[in-house]
Amino acid sequence: MELLPYLKSVLDQDRAPVVLCDLSHTILYMNPAAVKRYAKSGGTALVGQSLMNCHSPKSNELIEQVVAWFQAGRTHNLVYTSHNDRENKDVYMVALRDGDGTLIGYYEKHEYRNRETMAPYDFKP
C-alpha cells in the first residue's frame with residue numbers, strides 16, 4: 001500500500017502551519033495552513049526557495065545549530081524553539097529521518113494551547 005497520499009492528506013488537513021525543508025534548507029512543501037500564514041511573504045511561491053531567506057541572520061544561525069544537533073545523533077529529533085504569547089502556542093523544530101534513521105530534513109511544528117471551541121462531533125463544514 002502506498003502511504004504517500006495518506007501522509008500528504010494528514011499534513012494538508014492539519015490546522016497548524018507545516019513547512020518541510022531538506023538539509024539545504026530548501027522549502028519542499030507547505031500545507032494549506034502554512035500557505036495562508038505566510039501569504040504576505042509569498043505563500044506557495046516560497047516552495048523551492050531557501051528558508052534562510054525568510055529569517056534574520058541570528059535565526060539562521062540557530063536553525064543551523066539545531067540541524068547540527070539533529071545530525072549528531074539519531075535520537076536528537078525535537079527542539080523547542082519558542083512560545084508565542086499572542087497565539088498561545090509553542091514552536092518546535094522536528095527532525096525528518098528516512099527508514100534507516102538518516103536525517104533527510106526538518107520541519108517546524110506549532111502546538112496551540114487554546115481549548116478547542118468546536119462542539120464534539122459537530123459535522124458542520
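Start with the surface view: the protein chain exposes about 8700 Å², with 56% of it supplied by carbon and sulfur atoms (areas by the Shrake-Rupley method with a 1.4 Å probe). Keep in mind that this is a predicted model, where local features need pLDDT of at least 70, side-chain atom pairs count only at pLDDT 80 or more, and totals for chains, interfaces and linings use all residues. Residues are numbered from 1 along each chain as its sequence is written, and side-chain values use heavy atoms, leaving out hydrogens and water.

Switch to cartoon. You'll find three helices and five strands (DSSP runs numbered from the N terminus: helices are H or I with at least four residues, strands E with at least two). From the N terminus on, they run α-β-β-α-α-β-β-β.

Now select α3, residues 57-72. Asn 60, Ile 63, Val 66, Val 67 and Phe 70 are buried there (under 20% relative accessible area; exposed is over 50%, partly exposed in between, with a 1.4 Å probe and protein chains only). Why do they sit on the same side of α3? Because they cover an arc of only 120° around the axis, going by the directions from the helix axis to the C-beta atoms.

Next, show β3 (78-84), β4 and β5: the buried residues of α3 pack against them.

Finally, pick Ile 27, Ile 63, Phe 70, Met 93 and Tyr 106, which have the most contacts inside the largest nonpolar core, a set of 17 residues (buried Ala, Val, Leu, Ile, Met, Phe, Trp, Tyr and Cys joined through side-chain atoms within 4.5 Å). α3 gives the most to this core, with four residues.

Note on methods: Contact means heavy atoms within 4.5 Å.
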